[in-house]
Amino acid sequence: MAGTERWQLKKTVVLVGMMGAGKTAVGKALAAMLDVPFLDSDVEIEAAANMKISEIFARDGEAFFRDRETRVIDRLLDGQRGILSAGGGAFLSERNRALIGAKGVSVWLKADLRLLWNRVKHKDTRPLLRTADPRKTLTDLYEARLPFYQMADLAVPAHPTYTIDQMAAKVAEALATRPDVLEPAP
């Protein structure tokens with residue numbers, strides 16, 4: 001993609017993948033590159049509930065959270081076209097995949113387990129990894145979620161040498177192969 005070319009986004013792009021894949025960082029860079037809004041479903045859920053996701057899980061349970069997550073994703077897909085970072089577990093839901101497929105396009109940020117572990121191992125902001133063996137937990141989550149992420153419309157491999165901007169450019173290149181999603185602006 002040429003750096004000076006202007007693009008028109010025709011569908012909301014939903015970034016999916018594991019924690020540490022770069023959905024938020026790459027999403028923000030991609031949104032800036034395409035001059036569209038960036039949204040994060042987890043942030044929107046927390047704002048709507050006026051509490052942290054970990055608090056929602058603790059108080060109301062995962063089923064309640066997942067229902068709210070679907071409602072928020074549906075609402076965001078009906079809004080202005082942009083880049084949407086979906087929570088790591090959102091794409092596991094058949095209902096969410098159907099909504100995303102009908103109203104947007106899913107892009108899997110395909111980071112391997114080694115890269116993911118290197119990115120999350122020193123962070124305490126991942127409630128799912130607060131276990132006796134966080135690396136095994138991450139491995140188990142990765143293996144369980146892989147078949148779902150493989151259903152994404154597009155997959156963009158992440159490499160440890162890529163900067164955030166380089167990864168955003170790779171996603172934009174993948175999107176440019178889909179004229180139903182991204183096309184040069186008139």
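I took helices (H or I, at least four residues) and strands (E, at least two) as DSSP runs, numbered from the N terminus. The model is predicted, so I used local features only at pLDDT of at least 70 and side-chain atom pairs only at pLDDT 80 or more, while totals for chains, interfaces and linings use all residues. Residues are numbered from 1 along each chain as its sequence is written, and side-chain values use heavy atoms, with hydrogens and water left out.

**Entry 1: Thr70**

I found Thr70 in helix 4, which covers residues 62-78. Is Thr70 buried or exposed? Thr70 is buried, at a relative accessible area of 4%. My cut-offs were under 20% for buried, over 50% for exposed and in between for partly exposed (1.4 Å probe, protein chains only). I then listed contacts, meaning heavy atoms within 4.5 Å. Beyond its neighbours within four places in sequence, Thr70 touches Ser93, Arg95, Asn96 and Leu99.

**Entry 2: helix 2 on helix 4**

I describe two packed helices by the angle between their axes and the distance between the axes. Axes are lines fitted to C-alpha atoms, for helices over the stretch in contact, and angles run from 0 to 180 degrees between N-to-C directions. Helix 2 (residues 41-49) packs on helix 4 at about 110 degrees, with the axes 10 Å apart. That makes the two helices roughly perpendicular, a label for 65 to 115 degrees (under 35 is roughly parallel, over 145 roughly antiparallel, the rest oblique). Helix 2 supplies Ser41, Asp42, Glu44 and Ile45, and helix 4 supplies Phe65, Glu69, Val72, Ile73, Arg75 and Leu76. I sorted this contact by class and got five nonpolar, one polar and four charged residues. Ala, Val, Leu, Ile, Met, Phe, Trp, Tyr, Cys and Pro count as nonpolar, Asp, Glu, Lys and Arg as charged, and the others, Gly among them, as polar.

**Entry 3: helix 1 on helix 8**

Helix 1 (residues 23-34) and helix 8 (residues 164-176) cross at roughly 65 degrees, and their axes come within 8 Å.

**Entry 4: aromatic pairs**

How many aromatic pairs does the whole structure hold? My search found two. In one, Phe57 and Phe65 have ring centres 4.9 Å apart and planes at 40 degrees, so the pair is tilted. Rings of Phe, Tyr and Trp (its six-membered ring) pair with centres within 6.5 Å; planes under 30 degrees apart are stacked, over 60 edge-to-face and the rest tilted. Phe57 is partly exposed at 29% relative accessible area, whereas Phe65 is buried at 3%.
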